[in-house]
Amino acid sequence: MTSFAPLLVLEDIRKNFGAIEALKGISFTIGKGEVVALLGDNGAGKSTLVKIISGGLEPTSGRMLFEGREFLAKSPAEAKAAGIETVYQDLSLATNVDVVANFFMGRELTRRVLGIPVLDEKAMEAVVAKALANAGTRIPSLRTKVEHLSGGQRQAIELNRFVHWGGKLVLLDEPFAALGVEQTRRGLDMIRAVANQGIGVVIITHIMQQAFQVADRIVVIRQGVVAGDVARKDTSPDAVVRMITGETLAAAGAAG
Amino acid sequence: MTPRTRRTLEFILDNLVWFMLLAILAAFSLFIPNYFQLGIFANIIEASSVLGVMSIGLALVIIAGHMDLSVESVAALSAMTVGILFCSAGIGMGITLEPAWIMVPVSLFLGMLAGGIVGAINGFLIVKLRMNAFIVTLASYIWVRGIVLAVSGGRSAQDLAPAIRWFGIQRLLGLPLTAWIAIFCFVAFSFVMAKTPFGRHLIMIGGNENATYRAGIKVNRILVITFILAGAIAGLSGWLLAIRTSGATANLGTGMLFNAFAAVVIGGVSLKGGVGALPGVYAGVLLLSSINTAINLMGVQANFTQVIHGLLVLAAVLLDALKLRLRQKLA
């Protein structure tokens, strides 16, 4: 049903927390270069699903195929190694260090001095300066500790970080919560640009307008099941709202 | 505010403890007779070597967002290990090795090994079993001292082998080699913290452990290594302590933990983790040592030292809060 080659296939993913079934069998596909907007009410299971893909949680049952091979990340490090980048709702920045250190968190550039790996600060700063300039993000000094930056600036750093590292699949959990209008527009452009490189993108959002601006396909989760899986051009905001609230599926177009 | 004044202010805030040290040394030199002497300053550095080394390990753990209360007892364990094996009087077994210099690396290795083992136990319980660091290391503080007491039977070892003792006697540029060892440790670990990925990761773990885990940093591994390091470094400080006292007693080093804490906090390391640097900690140690020396010279009753140390820690924490507010204004 999509024109994209499949990148990640979810098959009947279930997750129980004790007696609570958070996910009751989720199946859908994310294509290469495709932007999928994941919508649903609070508690529908969106964040749980993202954590399962990104290695933060293990599913109770079900399987995932990543690039055609069975895939299960036991830790965020494994997911990252496989090429899955995640931008979390609560930002993943260490506010006690500077912008450069955060940008390269866990991937520091080093050079060997007498066999000891030493941080190559100059090279790292140059890369960050270029990446931020390309994205049009302005931060007074890259050596400022992140705790001195505004919420919008922090989110911009996090977004620029995933754009830079890319990988094969990017998961964004409400990435624009703290951004202004202009920055959000730029963020959406960034997502498009990333997808155009052939990277799959899953974006969780509450804002219908954003989903319709950027997504190729809209997947709605309601009470742990897929309540709708439609191409953007075949649906309307009203129809999606009805899928989210569960009023009717009739007008929603072809369900996945 | 121009960027230039801001940079100057930031620089002063970052290195406040050094300015305090200079101010205090200047004040003491002016007002206390006989304070301003090269010998006195050398003595200050010499007297701070054991505490300094111990503070490094403690600072690493605190910067990583954890706690290690066991360093004092671990140092005593290391000192007692060295004392029992290489002292010739008291409970010392008086082991001698040929050539004599080989006793230096062997004793150092054994002392650090003893410390490293305790550190590994701490690390395992805290990181793998997710037990509270405060409680685990408080327990270690007690049981490790218990081992020292039990093994020594409350008695002491004297007359450390001269080959080892040499480090406390031989001087280079007016300072005994033990002091140079402490200085070397500060330089080496300052480098590790500021310039290597390990140090960078440690600081970021202290700032936001969850974020570093998500970024794929092997948080548990780094934390366990840090606890082992803290133990081994405490072992090194115990080795220095044995050299300084030419032996070991069962209650050796008692009370040092609180001095180490004072030095770390005064040095600008925040107990909430992720904040602080080792050069500052060294300044903190020197500051404490300078004040001790001043108290000695003024002939104040020694018991007042503790009162002054306590007040200093309070002042340091107060200063920390003040600095934070200033920085927020700067941002």
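Two residues are in contact if their C-beta atoms, placed from the backbone, lie within 7 Å. The model is predicted: local features need pLDDT of at least 70, side-chain atom pairs count only at pLDDT 80 or more, and totals for chains, interfaces and linings use all residues. Residues are numbered from 1 along each chain as its sequence is written, while chains are lettered from A and ligands numbered from 1 in the order in which they are written.

**View 1. Chain A against chain B.** Contacts link 21 residues of chain A with 19 residues of chain B. On the chain A side, helix H2 (76-82) and strand S8 (116-119) are the elements that give two or more residues. Helices (H or I, at least four residues) and strands (E, at least two) are DSSP runs, numbered from the N terminus. S8(A) gives the most, with 4 residues. By class, the chain A side has 12 nonpolar, 7 polar and 2 charged residues. Here Ala, Val, Leu, Ile, Met, Phe, Trp, Tyr, Cys and Pro count as nonpolar, Asp, Glu, Lys and Arg as charged, and the others, Gly among them, as polar.

**View 2. Helices H4 and H5 of chain A.** H4(A) (residues 121-135) packs on H5(A) (residues 151-165) at about 105°, with the axes 10 Å apart. Axes are lines fitted to C-alpha atoms, for helices over the stretch in contact; angles run from 0 to 180 degrees between N-to-C directions. The two helices are therefore roughly perpendicular (65 to 115 degrees). H4(A) makes the contact through Ala131(A), Leu132(A) and Ala135(A), and H5(A) through Asn160(A), Val163(A) and His164(A). That contact has 4 nonpolar, 2 polar and no charged residues.

**View 3. An open sheet in chain A.** Four strands run in the order S2-S1-S4-S5, with antiparallel pairing. Strands pair if DSSP finds at least two bridges between them. S2 (20-31) and S5 (69-71) stand at the edges with a single partner strand each, so one side of each lacks a neighbour in the sheet. The twist averages 25° from one strand to the next. S1(A) (residues 6-17) and S2(A) pair over 9 bridges. Asn16(A) has Glu21(A) of S2(A) as its bridge partner.

**View 4. Around Val201(A) in the largest nonpolar core.** This core holds 167 residues, and Val201(A) and Ile203(A) touch the most other members. A nonpolar core is a set of buried Ala, Val, Leu, Ile, Met, Phe, Trp, Tyr and Cys residues joined through C-beta atoms within 7 Å; buried means 20 or more other C-beta atoms within 10 Å of the residue's own. Helix H12 (residues 219-245) of chain B gives the most, with 15 residues. Not counting residues up to four places away in sequence, Val201(A) touches Val35(A), Val36(A), Val170(A), Leu172(A), Ile191(A), Val194(A) and Ala195(A).

Conventions
Angles under 35 degrees count as roughly parallel, over 145 as roughly antiparallel, 65 to 115 as roughly perpendicular and the rest as oblique. A residue is buried if 20 or more other C-beta atoms lie within 10 Å of its own, exposed if 12 or fewer, and partly exposed in between; C-beta atoms are placed from the backbone.
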